[in-house]
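Dear colleague,

Please find below the structure that I am handing over to you. I should be grateful if you would read the notes that follow with the coordinates open beside them.

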Amino acid sequence: MAESTIDARVSPLAHLEERMRTAAVTGARGVTLTEWPFLTMVNLRVAPASEAADRIEKTLGAALPRECGHTTTAGPHTVLWLGPDEWLVVSQAEVAAVTAELREALGTDPGSVVDVSANRTALELSGPAAREVLEKGCPLDLHPRAFAAGQAVSTTVGPIAVLLWQVDDTPTYRLFPRSSFADYLARWLIDAMSEYRRPEVP
């Protein structure tokens, strides 16, 4: 008889799932907050103009972004720029497969491929009021003229350092805090969302 595998992982925000669900606001000032647990996240370092980078791009099916704030997406993978020779690959594919394929593509060339999936979790903030909620504690200019869908940068929300990625024009944002700070950030966002339950002051 084949042995069954038990997934005993517990996400950093499992204990707040119901609270995040009930914090949702609907309507013209709507905003929702959910956790995307257990995403595959792989830190990648390689010289951008190298043959290894070319092999990695072919493996991912996506170019490595070359400018701050840029992202590229292909299939289950999105590549977020972190630095001139550093990227975060966020994927819905299985982490062992992604890591193995990237390490094979890197080969013996200088660089690194490191599974950092347990280092962060992902929070998704979405809805018409999502930008206003973030603006309460994020120093970035989040107006569409300055920050739009497909961009991702390192910043802070409240006192918490995050990687902030705008996914679409809803707007929908994904925030990647360190797992140990996720509880604080989720509670901060829930509190920031609460005013949108009340009618807008004319």
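This is a predicted model: local features need pLDDT of at least 70, side-chain atom pairs count only at pLDDT 80 or more; totals for chains, interfaces and linings use all residues.

Helix 2

The buried residues of helix 2 are Ala52, Ala53, Ile56, Glu57 and Leu60. Viewed down the helix axis, these residues fall within an arc of 140°, so they line one face of helix 2. This pattern can be read against the geometry of an α-helix, which has 3.6 residues a turn, so that residues three or four places apart point the same way. On the face turned away from the buried side, helix 2 carries the exposed residues Glu51 and Lys58. The buried residues pack against strand 2 (40-45), strand 3 (71-74), strand 4, strand 5 (86-91) and helix 3. Just after helix 2, Gly61 adopts a positive phi of about 75°.

Packing of helix 2 and helix 3

Helix 2 (residues 51-60) packs with helix 3 (residues 95-106) at an angle of about 150°, and their axes are 8 Å apart. Angles over 145 degrees count as roughly antiparallel, and helix 2 and helix 3 are therefore roughly antiparallel to each other. Their crossing is right-handed. On the side of helix 2, the contact is made by Ala52, Arg55, Ile56, Thr59 and Leu60, and on the side of helix 3 by Glu101, Leu102, Ala105 and Leu106.

Ala100 also lies in helix 3. With a relative accessibility of 45%, Ala100 counts as partly exposed. Ala100 and Asp85 are separated by 15 residues in sequence and by 20 Å in space, C-alpha to C-alpha.

Val79

Val79 belongs to strand 4 (residues 77-83). Its relative accessibility is 0%, so Val79 counts as buried. Leaving aside neighbours within four places in sequence, Val79 is in contact with Leu60, Leu64, Pro65, His70, Thr71, Thr72, Trp87, Leu88 and Val89. The C-alpha atoms of Val79 and Asp109, which are 30 residues apart along the chain, are separated by 20 Å.

Helix 5

Helix 5 has 12 residues (residues 182-193), which at 1.5 Å a residue should span 16 Å; its end C-alpha atoms are 16 Å apart, which agrees. Within helix 5, Ala182, Leu185, Ala186, Leu189, Ile190, Ala192 and Met193 are buried. They cover an arc of only 165° around the axis, which puts them on the same side of helix 5.

Yours sincerely

Note on methods. Residues are numbered from 1 along each chain as its sequence is written. Side-chain values use heavy atoms; hydrogens and water are left out. Helices (H or I, at least four residues) and strands (E, at least two) are DSSP runs, numbered from the N terminus. The expected span of a helix is 1.5 Å times one less than its number of residues. Buried means under 20% relative accessible area, exposed over 50%, partly exposed in between (1.4 Å probe, protein chains only). The arc is that of the directions from the helix axis to the C-beta atoms. Axes are lines fitted to C-alpha atoms, for helices over the stretch in contact, and angles run from 0 to 180 degrees between N-to-C directions. Angles under 35 degrees count as roughly parallel, over 145 as roughly antiparallel, 65 to 115 as roughly perpendicular and the rest as oblique. A crossing is left-handed if the near helix is turned anticlockwise from the far one by less than a right angle, and right-handed if clockwise. Contact means heavy atoms within 4.5 Å.
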